[in-house]
Amino acid sequence: MSAVRPMPMPALHWSVDYLDGSPDDALALPDTLAVIGFGSRAPVRDDPRYLRVALEPHGTAPLEVWRGSGPVLRGRDGDVAWAEDGALQFGAIELDERDGEQGQSDIESTADRLYRRLLEFLEQRGYPHLLRVWNYLDGITIGEGDEERYRQFCVGRARGLGGHVDTQTLPAATAIGRVDGARRLQVYWLAARVPGTPLENPRQISAYRYPRQYGPQPPSFARAMLPPVNSTMPLMLSGTAAIVGHESQHAGSVVTQLDETLANFDSLLAAARAQRPTLPAHFGPQSRLKVYVRNDDELEQVTRELDARLGPDVPRVVLHAAVCRRELRVEIDGVHA
Ligand code: 3EB
């Protein structure tokens with residue numbers, strides 16, 4: 001009797017790097033899943049793996065390069081640009097808020113439309129597990145009370161995700177304001193054939209349990225995503241700001257907010273290490289951070305204060321982008337290994 005051969009598992013590898021130079025070098029490699037250019041001076045390319053995002057870097061920005069396990073297939077399907085390596089999928093959709101049905105022009109219906117399309121696409125391609133999502137929307141804190149655009153985005157996103165969002169399978173995410181004035185919702189993601197493990201931060205109330213005062217629909221994201229076991233993937237960190245419990249801290253000081261944000265990461269990394277003890281306790285050369293600063297005139301200060309706190313060994317990109325509560329001046333996301 002012959003032994004049953006196990007099905008070969010596709011390799012589960014994902015790396016994120018910040019690289020200077022032309023996107024063509026990265027796009028020529030067979031295992032490149034995505035190349036992300038920051039801001040209006042970033043190059044433009046036709047390849048579906050190349051995405052120019054609407055956030056301006058402070059100074060000159062590198063490219064963000066995602067690599068999987070080659071060979072990577074790629075294509076476009078209507079509004080969706082995609083790339084897949086058999087285990088992981090990169091995808092991107094950008095929708096104009098003015099293209100809604102019956103001339104509807106609002107962020108709520110756009111988010112609904114976009115997330116419906118996203119889920120349908122994941123199912124169709126066989127990558128049903130959303131690990132990480134970035135959402136870039138214009139005028140994020142415009143509008144009063146429940147009319148605020150971020151709150152309306154949260155309503156539309158939850159509806160597009162199927163109404164009754166299962167909090168046990170929420171992806172790690174970032175939702176941040178683009179400041180180029182374009183009324184376009186830009187969303188890109190990493191999805192997988194197998195699930196990761198969502199992780200919460202003991203120092204912060206789960207965003208999906210935020211109290212009513214922050215809007216009718218709590219935000220649909222997990223604080224971090226532990227990668228599938230036996231993968232060589234980093235921990236995925238959601239956008240993190242100076243929120244303790246559910247309350248914003250230190251509205252008057254970007255530097256104190258930065259310290260509170262780093263304290264939140266200490267706590268989140270400790271929670272991650274309880275499940276994956278080999279993860280380093282602090283950011284280091286295998287971390288990659290994106291730092292979002294609301295006010296133009298605080299970009300330089302945040303850059304300097306980060307230099308003092310992180311030293312030269314933690315790769316990072318500083319971007320001008322509006323955080324989703326008015327009093328929050330800085331937010332950070334990234335990966336960590
Ligand atoms: C916060 O902690 C800050 O709506 O997807 C961070 C990460 C934030 C993701 C989202 C929002 C989102 O509530 C804001």
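Predicted model: local features only at pLDDT ≥ 70, side-chain atom pairs only at ≥ 80, totals over all residues.
Me: What is the mean pLDDT of the protein chain, and where is confidence lowest and highest?
Reply: The mean for the protein chain is 95, and 96% of its residues reach 70 or more. Confidence is lowest in strand β4 (residues 56-57), at a mean of 96, and highest in strand β14 (residues 235-240), at 99.

Me: How is a pair of aromatic rings described, and how many aromatic pairs are there here?
Reply: A pair of aromatic rings is described by the distance of the centres and the angle of the planes. In this structure the count comes to 9 aromatic pairs. For Trp 66 and Phe 90 the ring centres are 5.3 Å apart and the planes stand at 85°, which is over 60, so the pair is edge-to-face. Because Trp 66 lies in strand β5 (residues 63-67) and Phe 90 in strand β8 (residues 88-96), the pair ties together parts that are 24 residues apart in sequence.

Me: Why is the pair of Tyr 210 and Tyr 214 tilted?
Reply: Their ring centres are 5.6 Å apart and their planes are at 50°, so the pair is tilted. Tyr 210 is buried, with a relative accessible area of 10%, and Tyr 214 is buried as well, at 18%.

Me: Which ring does the charged end of Arg 132 sit over, and where does Arg 193 lie?
Reply: The charged end of Arg 132 sits over the ring of Trp 134, 4.1 Å from its centre, while Arg 193 lies over the face of Tyr 127, at 4.2 Å from the ring centre.

Key:
Residues numbered from 1 in each chain as written. Heavy atoms only, no water. pLDDT = per-residue confidence, 0-100. Helix = DSSP H or I, 4+ residues; strand = E, 2+ residues; numbered from the N terminus. Phe/Tyr/Trp six-rings, centres within 6.5 Å; stacked < 30°, edge-to-face > 60°. Buried < 20%, exposed > 50% of the residue type's maximum accessible area, 1.4 Å probe, protein only. Lys NZ or Arg CZ within 6 Å of the ring centre and 35° of its normal.
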